[in-house]
Amino acid sequence: MSIRAEHGLLLALLLLGACGERSAQAPDLPSPAPASAEAAEAGAPLEADVAAEAGADEAMWAEFESGQDPMVEELVSERALQLTLPTADGPQWAKLRKTSVWVDEPTQLFRARHPAEVRALAGKPFKIQGFMLPLEMAERTTRFLISPYTPVCFYHPPAEPNEVIEVWLKRPIRAGYHLVEVEGVLTLTDNGEKGLFFQIHDGAARVVQEVEGGL
């Protein structure tokens, strides 16, 4: 593990202060008090405290440099849970997944590249089933997301960007995390900030199966 230069310098100074060479004492002077006692009386950190702090910092840097991210781990855990719940996978979702999505490093925005098979779907009638993720707190809605997976958390994306469609309906339907069938015109969009690349406009939808606990 590598330690940052400024952090390593601070740690070295702390260790030198705790373990540095002591000056010689004259024979007729009383023996000095233990370093730990002097430090305690002066209010300075003890060697044990310094070691504990160094250990905590080392663990922090180890986690940082390993690339572990609590948010990523949480998303992985949620996806594992999703895979144990009902899904609405099908040939239409298989086509949309052929769109390549990545994060553009300079802008930190999502980017998408649609193959010819996906571009051929744009501007044409499109029908698909998926699980609703409402975007507003209301009993009925005309705008929501659908994906092939049962949503498990409102605050996290329900699926990968090439597995999510933003839906706009002509008439509202009951909101909730229901399995719905949507018909409309598919549009390819480019919302890199939210990672949304598919939309259905002027759609019509019906609830195929209600999910308990819906809004």
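In the predicted model, strands β3 and β4 run antiparallel and are joined by 4 bridges. The two strands form a hairpin, with 5 residues between them. Within this pairing, Pro134 has Phe144 of β4 as its bridge partner. Strand β4 is also joined to β5, again in an antiparallel arrangement, through 6 bridges. Here the bridge partner of Ile146 is Ile165 in β5.

These pairings belong to a closed arrangement. A barrel is formed by 5 strands in the order β3-β4-β5-β7-β6, and its pairing is mixed. From one strand to the next, the twist averages 50°.

The largest nonpolar core comprises 18 residues, of which Leu96, Phe126, Ile128, Phe144, Ile146, Ile165 and Val182 touch the most other members. Two or more residues are given to this core by each of α5 (91-96), β3 (125-134), β4, β5, β6 (179-191) and β7 (196-209). Strand β5 supplies the largest share, 4 residues. Apart from this core lies another, of 6 residues, which includes Tyr149, Ala159, Val164 and Leu196.

When neighbours within four places in sequence are left aside, Ile146 is in contact with Trp93, Ile128, Gly130, Phe131, Met132, Glu163, Val164, Ile165, Val167, Val180 and Val182.

The loop between β4 (140-147) and β5 (165-174) contains Thr150. Thr150 counts as buried because its relative accessibility is 10%, under the 20% limit for that class. A polar atom of the Thr150 side chain lies 2.8 Å from the backbone oxygen of Pro86.

A further antiparallel pair is formed by β1 (residues 100-104) and β2 (residues 109-113), which are joined by 5 bridges. One of the residues in this pairing is Val101, whose bridge partner in β2 is Ala112. Strands β1 and β2 form a hairpin with 4 residues between them, and Gln108 in the turn has a positive phi of about 60°.

Notes: Residues numbered from 1 in each chain as written. Predicted model: local features only at pLDDT ≥ 70, side-chain atom pairs only at ≥ 80, totals over all residues. Heavy atoms only, no water. Buried < 20%, exposed > 50% of the residue type's maximum accessible area, 1.4 Å probe, protein only. Polar contact = N/O pair within 3.5 Å; in protein donor to acceptor, adjacent residues only side chain to side chain. Core = buried A, V, L, I, M, F, W, Y, C linked by side-chain atoms within 4.5 Å. Contact = heavy atoms within 4.5 Å. Pairing = 2+ DSSP bridges. Axes fitted to C-alpha atoms, helices over the stretch in contact; angles between N-to-C directions.
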